[in-house]
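Here are some notes to go with your first look at this one. Have the sequence and the 3D view open while you read.

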Amino acid sequence: MPEEDLVELKFRIYDGSDIGPFRYSPASTVAMVKERIVADWPKDKKIVPKGANDIKLINAGKVLENNKTVGQCRVPFGELPRGVITMHAVVQPSLAKAKTEKKVDEAPRKNICSCSIL
């Protein structure tokens with residue numbers, strides 16, 4: 001594949017630091033990109049994704065779907081010649097873990113006050 005066809009992406013994480021830039025084929029899927037992000041995630045960070053499903057990629061205000069390709073996710077104003085496209089990588093833990101933690105947190109709560117409408 002010619003060098004100029006590759007899309008150069010970097011990923012901004014929660015603390016403002018970046019992962020990348022990396023070059024991807026326009027045919028690469030978002031799921032493949034997420035796998036690479038998980039593999040290259042800095043180990044010294046407090047929040048670390050366990051897998052690709054824990055990461056949400058945001059480009060131009062839109063959450064990217066796993067089955068879309070990198071070429072489909074580019075926005076017209078982001079296509080600068082030899083420009084690096086920055087996407088936000090947000091770690092969102094899986095739903096199963098979040099539900100379990102929520103049940104533990106809600107157990108000790110009790111309704112102390114009540115209202116009466118006259």
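The points below cover the salt bridges and one serine.

1. Keep in mind that this is a predicted model. A search through the whole of it turns up five salt bridges, and a few of them are worth a visit.

2. Start with K10 and D18, whose side chains form a salt bridge at 3.5 Å, N to O.

3. Next, look at D15 and K45, which make a salt bridge with their closest N and O atoms 2.6 Å apart. This one links distant parts of the chain, 30 residues apart: D15 is in the loop between β1 (7-12) and β2, while K45 is in the loop between α1 and β3 (55-59). D15 has 39% relative accessibility, so it counts as partly exposed.

4. Helix α1 holds both R36 and D40, four residues apart, or about one turn of the helix. Their side chains meet in a salt bridge of 3.1 Å, N to O. R36 is partly exposed at 34% relative accessible area, and D40 is partly exposed at 33%.

5. Finally, is S28 buried or exposed? S28 sits in the loop between β2 (18-24) and α1 (30-40). Its relative accessibility is 9%, so S28 counts as buried, the cut-off being under 20%. Leaving aside residues up to four places away in sequence, S28 touches K68, T69 and V70.

Definitions and conventions: Residues are numbered from 1 along each chain as its sequence is written. This is a predicted model: local features need pLDDT of at least 70, side-chain atom pairs count only at pLDDT 80 or more; totals for chains, interfaces and linings use all residues. Side-chain values use heavy atoms; hydrogens and water are left out. Helices (H or I, at least four residues) and strands (E, at least two) are DSSP runs, numbered from the N terminus. Buried means under 20% relative accessible area, exposed over 50%, partly exposed in between (1.4 Å probe, protein chains only). Contact means heavy atoms within 4.5 Å. A salt bridge is a side-chain nitrogen of Lys or Arg within 4 Å of a carboxyl oxygen of Asp or Glu.
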